[in-house]
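Subject: Structure for your review

Hello,

Here is the structure I said I would pass on. Please look it over alongside the notes that follow.

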Amino acid sequence: MFDRLIEEAPRFFTYYNMIFVLQAMGTTLLLTAAGCITGFIFGFIIAAIRATRDPLLKPLRFLVIVYVEIFRRIPFLVTLFIVMFAVQIVSRNVSLFAIAVLSICMLSTAFLSEVIRAGMESVPRLQIEAAETLNFGFWRTQFRVVLPQAWKVIIPPAFAFMVMFIKDTSLASQMGVIELTFTGKSLMNRGFSPFLVYGVVLAGYFVMSYPLSRLGAYLEKRLASA
Amino acid sequence: MNYTLQYSVVLQQLPYLLGGALVTLQVAFLSFWLGAVIGLFGAVGKLKGNRLIRGLINAYVVFFTNTPALVQIFFLFYALPDVGILLDPMTAVVIGMTVNTGAYLTEILRGGILSVRRAEIETAEVLGMSHLQSLRYVILPHIAKTLFAPLSNFFVWLVLGSSMAAVFGVEELTGRAINISTANLRTIETFSVVALIYIALTVIASAALALVGRWCFRVTARIF
Amino acid sequence: MPLLEVKNLAASYGALTVLQNVNLSIEKGEVVSLIGSSGSGKSTLLRVLMGLLKPNAGEVRIDGEKVDYGSRSSLKSIRDRMAIVFQQYNLFQNMDVLKNVTIAPVEIKKRPRADVEREAKAILDRVGLSAKLKSYPDQLSGGQQQRVAIARALTLRPEILLLDEVTAALDPELVNEVLDTVRELAAEGITMLIVSHEMGFVREVSTRVVMMDKGQIVESGTPKEIFENPREPRTSAFVSKILRH
């Protein structure tokens, strides 16, 4: 088995194959980054909506809770299928990449909104009351008082979720999005040994995820002592 | 945009889908308990083992928590036959998910054991309880309290994660959904019904676990 | 016309009635203290006045103008005219002292930053904190934090200042530095509504003392009347219990 790998290696580790893999890693990172950025923005909006108390906004609060609970309770693969076919009813010209981005954004919004909400709830209610008596509006209170105190609680678990999103994007390969896992499959179809191919793919994921995990663990310690 | 939703064809297949849900639960259960055994050994090894053992366990945890389970299973499924190990899809999936679960549970259980040590020392100092008393009144409730929420969340996550078995042709819930939708071409209807089944499964699982926690360990866990 | 007038005010937390039939009026320049055992509704009255808890009935008038606690603009205007200092100081933990004091006048009242900072520094100097402008709340003692909180309220130039048990959370040796600050404000003629358990202090600074019990006002009068000649048995019971310490 090993002689086969050694014999195959020079053919596998060529410049073009490696560029191919690196590009695929770029796509995986791009998918994850899109998910994280959208997830933070919409997750914050959802968490903020859930922090409102106005009885008029009750239906809106209910809707966002339903959204969050749905997307935290169905498998990402199922989300991908639903988004893909729903989008194709509307238009046939949407790229697979765009569908994958949309799906990961829906997932990340649901999960990150919970992380952000937990962070916001860690800020004492009295801080919000003080802002209220100073005539801060709702959004000013969120941006000037709540978020600057909540981010210490938000950041460490957010990193864990970023790693989760990197791993979840591998399922987009099943829709035909040419990211790292898909590239592994196509290299295997070109006759390379699965040992070599999936070894490299696993290493690729590890190289992307591990620094984030370490950074998250480091920040968790740092922020807890600060 | 002329698409009319037709659910009747999917609803006829409901028993078939629910059978798939049963397979989903089987996969999740099997991986959870087998993974828990690995996790327990891992946690104890990480706390009590020598440098070499700790290093090996660390490498195991770090590797499996930082790479996708899907690709790990691809590796098992496609690479192992090269060395003469042929796995059927179900076995490959369960092995992959078990090894993954073991890595996560090593960390979760280690946290639980560490927190018990502190509680044990504190009560021993403060109350002067006997060993058995502190086990009964302090340590077990403490373990239950710290570990219950992360473990039940993890189980829900496994139920969802097991859907990747469909990629390898296992006929669990998602796999059966793919089967049906390729036959009836009602993908949205099929998958929205399947999504509802997953939601029901996870809500029932969380609720059941929360009730168990409340009755047996007096833990008040959130379902939502 | 009284500066603040409260008529038949009632409020509740859910089913629990915490204020009923409260009548109170405060003239400009008065220092009114609310006394009574804990749970008598003193702090709740301040919370209702600031719009942190909606009243169920009754009305509040400021300068003769009725406050509508359901309307955002009316709420905004009453919070413009009254400021509150909390028991737990409630300084913003993410801002330094100067920022805590200046943020509302600059960002909400849109006054020029240079003016506000000059005024804030003068006020902080008066409460003895000119050396702490760049400190964060967690670097200050409770007494210092509370004086910053008073400075924050004063920089808003309120017509009425509400003080909600401002020394209750402080270590005993820090109580006086805060009370001294409040004494000075009283001497300057700032209108204040004070909730306090420091009876010596209440007796000294108040122009009027109001006794509350079970969400209602029992009686009100000059400090001398309340502390030496209470008319109501509930007041005399409370006063004798407190003064015995």
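**Aromatic pairs in chain B**

B:Phe74 and B:Tyr78 both sit in helix H4 (residues 69–79) of chain B, 4 residues apart, or about one turn of the helix. Helices here are DSSP runs of H or I with at least four residues, and they are numbered from the N terminus.

Before the rest, some notes on conventions. This is a predicted model, in which local features need pLDDT of at least 70 and side-chain atom pairs count only at pLDDT 80 or more, while totals for chains, interfaces and linings use all residues. Residues are numbered from 1 along each chain as its sequence is written, chains are lettered from A and ligands numbered from 1 in the order in which they are written, and side-chain values use heavy atoms, with hydrogens and water left out.

Over all chains, a search of the whole structure gives 29 aromatic pairs. Rings of Phe, Tyr and Trp (its six-membered ring) pair if their centres lie within 6.5 Å; planes under 30 degrees apart count as stacked, over 60 as edge-to-face and the rest as tilted. One of the pairs is B:Phe32 with B:Phe155, which is edge-to-face at 5.7 Å centre to centre, with 90 degrees between the planes. B:Phe32 belongs to helix H2 (residues 14–48) of chain B and B:Phe155 to helix H6 (residues 131–161) of chain B, so this pair ties together parts that are 123 residues apart in sequence. Both B:Phe32 and B:Phe155 are buried (under 20% relative accessible area; exposed is over 50% and partly exposed in between, with a 1.4 Å probe and protein chains only).

B:Phe74 and B:Tyr78 also form an aromatic pair, this one stacked, with 5.7 Å centre to centre and 20 degrees between the planes. B:Phe74 is buried at a relative accessible area of 1%, whereas B:Tyr78 is partly exposed at 29%.

**B:Met97**

B:Met97 lies in helix H5 (residues 89–127) of chain B and is buried, with a relative accessible area of 4%. What is B:Met97 in contact with, leaving aside its neighbours within four places in sequence? The residues are B:Val27, B:Ser31, B:Ile73, B:Leu158, B:Gly161 and B:Ser162, where contact means heavy atoms within 4.5 Å. B:Pro141 is 44 residues from B:Met97 in sequence and 29 Å from it in space, C-alpha to C-alpha.

**Where chain C meets chain A**

Chain C has 26 residues in contact with 16 residues of chain A. About 1,800 Å² is buried between the two chains, and carbon and sulfur atoms give 55% of that. Buried area is the accessible area (1.4 Å probe) that two parts lose on being put together, summed over both.

Side chains of opposite charge can pair when their charged atoms come close. Between chain C and chain A the count is 4 salt bridges, each being a side-chain nitrogen of Lys or Arg within 4 Å of a carboxyl oxygen of Asp or Glu. Among them is C:Glu107 with A:Arg140, whose closest N and O atoms are 2.7 Å apart. Helix H2 (72–81) and helix H3 (97–108) of chain C each supply at least two residues of the side of chain C that touches chain A.

A:Glu129 forms a salt bridge with C:Arg47, with the closest N and O atoms 2.8 Å apart. This pair crosses from helix H6 (residues 125–133) of chain A to helix H1 (residues 42–49) of chain C. A:Glu129 is buried, with a relative accessible area of 7%.

A:Glu132 forms a salt bridge with C:Arg79, at 3.4 Å between the closest N and O atoms. Here the crossing runs from helix H6 of chain A to helix H2 of chain C. A:Glu132 is partly exposed at 24% relative accessibility, while C:Arg79 is buried at 9%.

**Other salt bridges**

The whole structure has 31 salt bridges over all chains. Within chain C, the side chains of C:Arg118 and C:Asp115 meet in one at 3.4 Å, N to O. C:Arg118 is exposed, with a relative accessible area of 56%, and C:Asp115 is partly exposed at 35%. In chain A, a network of salt bridges links A:Arg50, A:Glu69, A:Arg72, A:Arg73, A:Glu114, A:Arg117 and A:Glu121.

Regards
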